[in-house]
Amino acid sequence: MQAQTLLLSTALPEILVSVMACAILLLDLYLPRESRAKVGYGLSVLTLLAATVIALGGLGSGSTLGFNGLVVRDDVSGVLKAGVLLGTAAVLVYSRSYAVARRIWRGEFFVLALLGVVGMMVMISAAHLISLYVGLELLALCLYAMIALQRDSVKAAEAAMKYFILGALASGILLYGMSLLYGLTGSLSLRGLQEAAINLSLDNLPLLVALVLVVAGLLFKLGAVPFHMWVPDVYEGSATCTTLYLSAAPKLAGFAIVLRLLAVGLDDWLAAWQDMLVVSAILSVVIGNTVAIAQTNIKRMLAYSTISHMGFLLLGFLAGSTAGYSASMLYAVIYTVVSLAAFGIVLALCTPALEIEQLNDLKGLNRRQPWLAFLMLLVMFTLAGVPPTVGFYAKFAVLQAALSAGFISLVIVAVIFAVIGAFYYLRVVKIMYFDEPGDAPPVVAFTGDVGATAVLSVNALVLVLSMPWIGALIDLLSRAVAALPSH
Amino acid sequence: MSWLDQHLLSIIIWFPVIGGVLVLATGRDANAAVARRLALGFSLGTLVLSLPLYSRFDNATAHMQFVERADWITAFNVDYFLGIDGISMPLILLTALLTVVVVIAGWEVIRERVAQYLAAFLIMEGLMIGVFCALDAILFYLFWEAMLIPMFLIIGIWGGSNRVYAAIKFFLYTLVGSLLMLVALIYLYFAAGESFSILDFHNAPLGATAQTLIFLAFFAAFAVKVPMVPVHTWLPDAHVEAPTGGSVILAAITLKMGAYGFLRMSIPIAPDAARDLAWLVIGLSLTAVVYIALVALVQRDMKKLIAYSSISHMGFVTLGFFIFESRGMEGALVQMISHGFISGALFLCVGVLYDRLHSREIASYGGVVNSMPVFATLLVFFALANAGLPGTSGFVGEFLVILGSFSVNPWYAAVAALTLIVGAAYTLWMIKRVVFGAVANDSVRDLVDINRRELLVLGVLAVCVLGLGVWPLPVLEVMHVTVDNLLAHATVSKL
């Protein structure tokens, strides 16, 4: 296991995407102006697809450490990397017509998106605190820059600033926690932490401080209460295509570092971090769902919805069992797919002149664009967790894991707030289906591009049609999680 | 076991769902004629396909029949597990029949978003049959909840003026109950040795406290659907605002699901709690029978009146279940089928009037018999059946339930029998004001009698009501063994 060798093959997708990001950056300087965006777009999507194939190709080949123990290639990383890569490819496809009209469809956008993907993949395969932190910062820096890319927007600049300051603070907190852990255990590798844990009991105060700092940093990155304040502002302030990017794949990477750090590195101290996650999970579900009701802006509503979903994700995680971790992983994967579809549909409704921001902009959508309205209906019922959509299986798996760990009252509170949450998802359906278009609605005939809509349709239909194969997906995730090193 | 026997249930679940998707694909209202024919074809097809369930059904066994089982989510031992017994089979036939009725009833009435309307009903049909067939708890839950989506849209899109409120109220009420049920199902999974099979749940050992909690969680889900007092308030709102077809399906089938849930889940899974808490259910049922009937008496809106009458009649059903007596339970089951026909027919009758005058107020009518004699005959017939006239299906169920409860406790029978008076009062009073008397106004005088389509729909239901009333044996003998087996199971304590 502790092979102290380089083994480049463990990081092939990362290497491919980094090289291509550099290549696109250079090409952007030499190509004629009119073909830059086209070439950059084509190359980026191809790179992401090729890297997906490589990531999936590594599935089932066991766990291999590379780069002298900095990264690990296992089934968890294979699945999550494939999710991140495919998700980001979808983001680029959905964003095209929107971003072109807003003049952010430039070389920098692709380069930042690809480097962000590299950061996420490093996070996903981190086997060492240093690689974990480097991946996290690489992603964060790309996100700050992507938000700020819309130079003429005051809101975007504000969002970028806010995100940067709070993000830097959270990174600092996480890093401080990590340094304390290093001081206590003398190890930076996750396996090393796991082995050193036997000698340290929980009545050690510095250890508790370290755990609190690490968990706080992680919760910030996930956007769970009480470290959620940045989420709605950043979602609202960013250009919608950037919101799409940062709402989808980074959640998978965020889940991955929580899994690597807490479930592998710190699993001996389950009793300590479990309590913190209980508080955060319940607050996220409660606050996310109640505050979302008051929102009139689609992006803010979805931001609060995200917060509540992160609460549900933590609910599975805090069970502290293989079943719980795989339930959370299923939740993260399904959440990513829904989130892509949700913001993808909002993007498809935007026209060059028109920004879809308010819920009321969707009034009577069923009369004007029945197909997109239907896809949005699927998305809303998925977010509400109503069967037969996959949202149900995600909630079901998480609740089952939490119940098996004995958190009955927690589960009942979560369930009650899920009903409250259902209200604002239903309201969106109501606005699209029951309300008359009226005179205010700006959405006119379909203007988006056909290719993007086709991908979007597949994306949304998967939410229902994947029903017969959901068992196979759960099996795959359970096997991947079960293969993680544990005591 | 032929191939057909093994897959028949799957076929009648998914055939209408596929039909619904195809109907949806016909798109805009320009293709409405195609959508209508397609929907009629698929609903008739489902009815024909479901007939072998009756002809090939074995009355002599209480075991599940037409069983189909396959692995689905192996990580949680969730199976695709279907099967029917004497309780669920008649309800499936009822669902298949009423969907045809609803498709024909909306033929020229629904003019907006026709494809979406018909598709919603076809998909609902598949999901409702799925609820009656599912023997895996998660599959059951899946169909149970999925049904909310089309019903939500039916009420919200094609309903009346207060439809949005009614739709959201309907959805949230049901969702609260359902999610509590989900928690109970997950608990049972561990109690039954990591299995989601409902049949394994029946034999799962459970302590007294666990049984009580599980019973209450199920009660929350099923009582809302039945609906029982005091969680019945969504029903009048939903009914009044739903289009005619929606009301028919809601009254005739959706309400039956709650009752079915009691028989499939609550009573066999938590028999001790069911017997200990029977006083609660019986008390609420008798309250519904008497109090809601009085509420029905003062309604000015015909649909509201029938909605309250439904709640009152469903009180009979839950009363019949929880006296734990075989005549009572069989009577309750007959009452379920009979109420499906009668309430469906009454809502269709109101629909016929509403389509002509666009009013559901009793006060807008009067002397309808002068302009619509054929219709008036049918309406009076269904009203009498609703009041429990001997010779109609309404009598059989109520009589058996009263007979059963008399042997358990004469006071139950005495209170329940009050409905024969109050029920007759509110129904006949409505008939008197709507059908008879002097012609109320010009628009009533100009009413046109029902056309062949409406006559066909109401006539089929009238034949069913009369048939079941005169000769209930074919239905009773199907359910007899299953009911005896269920009662035998329910009397054995799990403690």
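## Contact range and fold of chain B

In this predicted model, residues 24 or more positions apart account for 81% of the contacts in chain B with a separation of 6 or more. The secondary structure of chain B consists of 22 helices and 2 strands. The radius of gyration of chain B is 22 Å, close to the 23 Å that the globule rule gives for 495 residues, so chain B is as compact as a globular protein of that length.

The C-alpha trace of chain B spans about 70 × 55 × 40 Å along its principal axes. Of the 495 residues in chain B, 62% are buried.

## Interface between chains A and B

Contacts between the two chains involve 27 residues of chain B and 24 residues of chain A. On the chain B side, the elements that contribute two or more residues are β1 (65–73), α5 (137–146), α6 (148–158) and α7 (163–191). The largest share, 13 residues, is supplied by α7(B). Classified by residue type, the side of chain B that touches chain A comprises 23 nonpolar, 2 polar and 2 charged residues.

## Nonpolar core

The largest nonpolar core contains 416 residues. Those that touch the most other members are M123(A), A341(A), I345(A) and V379(A) from chain A, together with L118(B) and L188(B) from chain B. Helix α14 of chain A (residues 322–349) provides the largest share of this core, with 21 residues.

When neighbours within four places in sequence are left aside, I345(A) is in contact with L372(A), L375(A), M376(A), V379(A) and L456(A).

Terms used: Residues numbered from 1 in each chain as written. Chains lettered and ligands numbered in written order. Predicted model: local features only at pLDDT ≥ 70, side-chain atom pairs only at ≥ 80, totals over all residues. Contact = placed C-beta atoms within 7 Å. Helix = DSSP H or I, 4+ residues; strand = E, 2+ residues; numbered from the N terminus. Nonpolar A, V, L, I, M, F, W, Y, C, P; charged D, E, K, R; others polar. Core = buried A, V, L, I, M, F, W, Y, C linked by C-beta atoms within 7 Å. Buried ≥ 20, exposed ≤ 12 C-beta atoms within 10 Å, placed from the backbone. Rg over C-alpha atoms; globule rule 2.2 N^0.38 Å.
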